[in-house]
Amino acid sequence: MGITAVVFDMDGVLIDSEPVWELVRRGYVAEKGGRWLPDTQQRLMGMSTGEWSAYLSGELGVDEPPETVAREVIERMAERYDEAVPVLPGAVEAVQRISEHWPLGLASSSPRALIDAVLGRTGLIEYFSVTFSTEEVDRGKPAPDVYVTVATFLRQRPIDCVAVEDSSNGLRSAHAAGMRVIAAPRPEYPPASDALAMAAKVISGLDELTPALITG
């Protein structure tokens with residue numbers, strides 16, 4: 001059977017949000033007396049809300065319980081998105097283009113509130129049949145849970161789906177789910193070489209994401 005659905009990540013694929021997440025969380029950690037480590041941002045990419053809030057509270061020494069960390073950081077992110085959603089070049093057009101050929105899913109590590117805010121403000125919500133946050137499944141990326149769940153709700157087998165990802169944990173998650181993976185890495189946050197090797201194709205931008213590339 002050929003490709004029957006396409007599943008997008010959001011942060012780093014559709015929106016240039018990783019720098020915003022880093023700025024907000026780095027500032028929050030400093031404000032709360034914690035310590036930001038050299039590999040912190042790479043570790044956080046792909047974690048679910050529960051996972052990264054516990055990481056900030058525990059490993060980074062933030063003097064707040066995880067529930068408070070999550071609420072306050074998400075509030076700050078929402079304020080940033082109220083000002084402007086950092087949509088990546090070609091993202092809207094790519095979603096529109098691919099939606100003409102396959103049903104679309106979204107598998108994001110962002111919390112539900114931010115997924116809905118981004119998709120609503122950009123108008124992309126109408127193109128996605130299924131959207132899931134890793135906070136709505138048992139485990140965040142690199143576990144395959146969110147991709148398997150999206151495929152299930154799309155009523156497709158993961159092996160018949162293509163995933164578009166950017167981060168190490170995201171690539172590992174989609175690959176572990178059994179999907180064919182197209183990597184669209186951000187140069188500011190390059191994925192690990194072993195994770196990138198899991199991708200069937202690597203593109204430098206969403207302008208390159210075409211039906212021919214997906215089926216090729």
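Student: Is Trp52 buried, exposed or partly exposed?
Tutor: This is a predicted model in which local features need pLDDT of at least 70, side-chain atom pairs count only at pLDDT 80 or more, and totals for chains, interfaces and linings use all residues. Residues are numbered from 1 along each chain as its sequence is written, and side-chain values use heavy atoms, with hydrogens and water left out. Buried means under 20% relative accessible area, exposed over 50%, and partly exposed in between (1.4 Å probe, protein chains only). Trp52 has 1% relative accessibility, so Trp52 counts as buried.

Student: How many aromatic pairs are there?
Tutor: Rings of Phe, Tyr and Trp (its six-membered ring) pair if their centres lie within 6.5 Å. By this rule, the number of aromatic pairs is three.

Student: Which kind of pair do Trp21 and Trp52 form?
Tutor: Planes under 30 degrees apart count as stacked, over 60 as edge-to-face and the rest as tilted. The ring centres of Trp21 and Trp52 are 5.7 Å apart and the planes stand at 65°, so the pair is edge-to-face.

Student: How many residues apart in sequence are the parts that this pair ties together?
Tutor: Helices are DSSP runs of H or I with at least four residues, strands are runs of E with at least two, and both are numbered from the N terminus. Trp21 lies in helix α1 (residues 18-31) and Trp52 in helix α3 (residues 49-58). The separation is therefore 31 residues.

Student: Which kind of pair do Phe132 and Phe153 form?
Tutor: Phe132 is in strand β3 (residues 128-133) and Phe153 in helix α7 (residues 145-154). Their ring centres are 4.9 Å apart and their planes at 55°, so the pair is tilted.
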